[in-house]
Amino acid sequence: MTVTWTSGYGISEAHPFVEWGMKGSHPVHAPADTVTFGRESLCGEPARSVGWRDPGFIHTAFLKNLSPEKEYYYKIGHTLHDGKVVWGKPKSFRAPPYPGQKSLQRVVIFGDMGKDERDGSNEYQNYQPASLNTTDALIRDLDNTDIVFHIGDISYANGYLSQWDQFTQQVEPITSRVPYMIASGNHERDFPNSGSLYNGTDSGGECGVPAETMYYAPTEKRDNFWYSMDYGMFRFCVADSEHDWREGTEQYRFLDRCLGTVDRAKQPWLVFIAHRVLGYSSGFFYGFDGAFAEPMARQSLEGLWRRHRVDVAFYGHVHQYERTCPVYEERCVPDGHGQGTVHVVVGGGGS
Ligand SMILES: [Fe+2]
């Protein structure tokens, strides 16, 4: 389990750690690393100018060798130079099932949530009022949730960095209790001449830096936000739709490996995730081009999904809910034979 938090203590001021243990046992300390980012690491406006806000220090600790599905207690702390410890509040989580474990596993997946003002105040680009419905419903139902995936378009800070603080504070009751996995969306990553596949300005100059620094994911390189994750009976192959995924790219090779190396006898559920719709959607902006997905997406990836018998693919970006039959090359195919993939759009998180 990974615990990440933000503080005002740099490494010269205090030593960050997490105290943790199984309930009733003697706690241990896991040291945390400390990173931050500067204005110069961002790509443009407004993130580098009027939207800039110092992000403080971001600490991450890894809690290892957990017993599957056991309840653990933890508390963040900072040891100051005089030996005094500044403590966070006590929290708890349930350790994940081991890969292949057969047990009840409840997964919540959505995209495009954002944040809103609790008191109804206006804020710049205030277009996610419904996010509070999702956040509050998740908090209410947390005892019935094992893991959450927020698959891109996360805070909609769009280069106004204080909005990341607002967002992370708003979802903290969720993220401090269950794993909160993210994917990278256009509002995290896209900016002209910054290496993103799409050249829009949707990240407001952030070009992925705040998101990939604040949220740890098991990626090889932080900016290449694709990763594999095993969780009980599931394997999740999370793509980064904002970097090139076409055949011949590094990401395509990763996806082939991720989808192809799972033991389906133990992990029967193979799930593909991406922010933009790489499969099927009737979103209006695809319709303008007479299309039902991002250009070139299915031509590149549908062979992979079929070859590796992907069960379900989830996307955000389109702010609605849609679900197909098991489909291959635009036709429904018989259910249960691994010939088609069910494509689900879950971009109705609140934006
Ligand atoms: Fe999006």
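At a relative accessibility of 24%, Asp 311 counts as partly exposed, because partly exposed covers values between the 20% limit for buried and the 50% limit for exposed. The model in which this residue is described is a predicted one. Asp 311 belongs to the loop between helix 7 and strand 14.

Beyond its neighbours within four places in sequence, Asp 311 is in contact with Arg 264, Pro 268, Trp 269, Leu 270, Thr 341 and Val 342. Gly 338 is 27 residues away from Asp 311 in sequence, and the two C-alpha atoms are 7.2 Å apart in space.

## Overall form of the chain

The protein chain contains seven helices and 18 strands. Its radius of gyration is 20 Å, close to the 20 Å that the globule rule gives for 351 residues, so the chain is as compact as a globular protein of that length.

Of the 351 residues in the protein chain, 54% are buried. Among contacts with a separation of 6 or more, 70% are between residues 24 or more positions apart. The chain exposes about 15800 Å², and carbon and sulfur atoms supply 51% of that area.

## Annotated domains

The feature "domain: Purple acid phosphatase N-terminal" is placed by UniProt at residues 1–94. This span is 0% helix and 49% strand, and its end C-alpha atoms lie 10 Å apart. For "domain: Calcineurin-like phosphoesterase", UniProt lists residues 106–321. Over residues 106–321 the chain is 28% helix and 15% strand, with 19 Å between the end C-alpha atoms.

## The iron site

Four residues coordinate the iron ion at 2.1 to 2.2 Å: Asp 153 through OD, Asn 186 through OD1, His 275 through NE2 and His 317 through ND1. Along the chain, these donors follow the spacing D-x32-N-x88-H-x41-H. Asp 153 lies in the loop between strand 9 (147–150) and helix 2 (162–175), and His 317 in the loop between strand 14 (312–315) and strand 15 (321–323), so this pair ties together parts that are 164 residues apart in sequence.

The angles among the four donor atoms run from 88 to 163°, and the site is irregular. The tetrahedral class is ruled out because it requires all angles to lie between 85 and 135 degrees. Two of the coordinating residues can also be described by their accessibility: Asp 153 counts as buried at 1% relative accessibility, and His 317 counts as buried at 12%.

## Helix 7 and the residues beside it

Helix 7 covers residues 297–307, and Ala 297, Arg 298, Ser 300, Leu 301, Glu 302, Leu 304 and Trp 305 are buried within it. An α-helix has 3.6 residues a turn, so residues three or four places apart point the same way. The buried residues of helix 7 pack against helix 5 (250–260), strand 13 (269–274), strand 14, strand 16 (327–328) and strand 18 (342–346).

Met 296 lies in the loop between helix 6 (284–287) and helix 7. Although Met 296 is not a glycine, its phi is positive, at about 75°. With a relative accessible area of 42%, Met 296 is partly exposed. Arg 309 follows helix 7 and is found in the loop between helix 7 and strand 14. Arg 309 likewise is not a glycine, and its phi is positive, at about 55°. Its relative accessibility of 41% makes Arg 309 partly exposed.

## Further local features

The peptide bond from Glu 45 to Pro 46 is cis, with omega near 0°. Pro 46 is located in the loop between strand 3 (28–35) and strand 4 (57–62).

Arg 140 lies in helix 1, which covers residues 131–140. Its relative accessible area is 66%, and Arg 140 is therefore exposed. Arg 140 and Pro 173 are separated by 33 residues in sequence, while their C-alpha atoms are 9.9 Å apart in space.

Notes:
Residues numbered from 1 in each chain as written. Predicted model: local features only at pLDDT ≥ 70, side-chain atom pairs only at ≥ 80, totals over all residues. Heavy atoms only, no water. Donors = N, O, S within 2.8 Å, 3.2 Å for Na, K, Ca; no water. Tetrahedral: all angles 85-135°; square planar, octahedral: opposite > 155°, others 65-115°. Helix = DSSP H or I, 4+ residues; strand = E, 2+ residues; numbered from the N terminus. Buried < 20%, exposed > 50% of the residue type's maximum accessible area, 1.4 Å probe, protein only. Rg over C-alpha atoms; globule rule 2.2 N^0.38 Å. Contact = heavy atoms within 4.5 Å. Areas by Shrake-Rupley, 256 points an atom, 1.4 Å probe, with all protein chains shown as cover. UniProt positions renumbered as here; feature names shortened; annotations may be inferred.
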